[in-house]
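Here is a friendly note to read with the sequence and the model open side by side. Please take the points in order and find each residue on screen as you go.

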Amino acid sequence: MSDKPTGSFDTKLLDILVCPMTRKPLVYDAEAQELISKAAGVAYPIKLGVPVMLIEEARTL
């Protein structure tokens, strides 16, 4: 058993998820495990396959 947490992001969620700041579409960055909002210039983390869509958790790009 691996010590690394696992989880995979279901890209079908991109059809319904939008940036909570701008209500614009998001782009999935598989390498960084983030959802990118180009309109807001921020990235939302994906933890254990679950996107954390809280503005206060977003990283400025």
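1. **Aromatic rings.** The count comes to 1 aromatic pair, where rings of Phe, Tyr and Trp (its six-membered ring) pair if their centres lie within 6.5 Å. The partners are Phe9 and Tyr28, with 4.8 Å from centre to centre and 40° between the planes, a tilted pair (planes under 30 degrees apart count as stacked, over 60 as edge-to-face and the rest as tilted). Phe9 lies in the segment before strand 1 (27-29) and Tyr28 in strand 1, so the pair ties together parts that are 19 residues apart in sequence. Strands here are DSSP runs (E, at least two residues), helices are runs of H or I with at least four, and both are numbered from the N terminus.

2. **How to read the model.** This is a predicted model, in which local features need pLDDT of at least 70 and side-chain atom pairs count only at pLDDT 80 or more, while totals for chains, interfaces and linings use all residues. Residues are numbered from 1 along each chain as its sequence is written, and side-chain values use heavy atoms, with hydrogens and water left out.

3. **Buried or exposed?** Phe9 is buried, at 8% relative accessible area, whereas Tyr28 is partly exposed, at 24%. The cut-offs are under 20% for buried, over 50% for exposed, and partly exposed in between (1.4 Å probe, protein chains only). Of the 61 residues of the chain, 26% count as buried.

4. In soluble globular proteins, nonpolar side chains tend to be buried together.

5. **Salt bridges.** How many salt bridges are there? The count is 2, taking a side-chain nitrogen of Lys or Arg within 4 Å of a carboxyl oxygen of Asp or Glu. In one, the closest N and O atoms of Arg59 and Glu34 are 2.8 Å apart. Arg59 belongs to strand 5 (residues 59-60) and Glu34 to strand 2 (residues 34-37), so this bridge links distant parts of the chain, 25 residues apart. Glu34 is buried, with a relative accessible area of 10%, and Arg59 is partly exposed, at 42%.

6. **The second bridge.** The side chains of Glu57 and Lys47 meet at 3.7 Å, N to O. Glu57 sits in the loop between strand 4 (50-51) and strand 5, and Lys47 in strand 3, 10 residues apart. Glu57 counts as partly exposed, at 36% relative accessibility, and Lys47 is partly exposed too, at 47%.

7. **A look at Ser37.** Ser37 is found in strand 2 and is buried, with a relative accessible area of 0%. Its side chain reaches the backbone nitrogen of Ala40 at 3.2 Å. Leaving aside neighbours within four places in sequence, Ser37 is in contact (heavy atoms within 4.5 Å) with residues including Cys19, Val42 and Tyr44.

8. **The whole chain.** The chain has 0 helices and 5 strands. Along its principal axes, the C-alpha trace spans about 40 × 25 × 20 Å.

Definitions and conventions. Polar contact = N/O pair within 3.5 Å; in protein donor to acceptor, adjacent residues only side chain to side chain.
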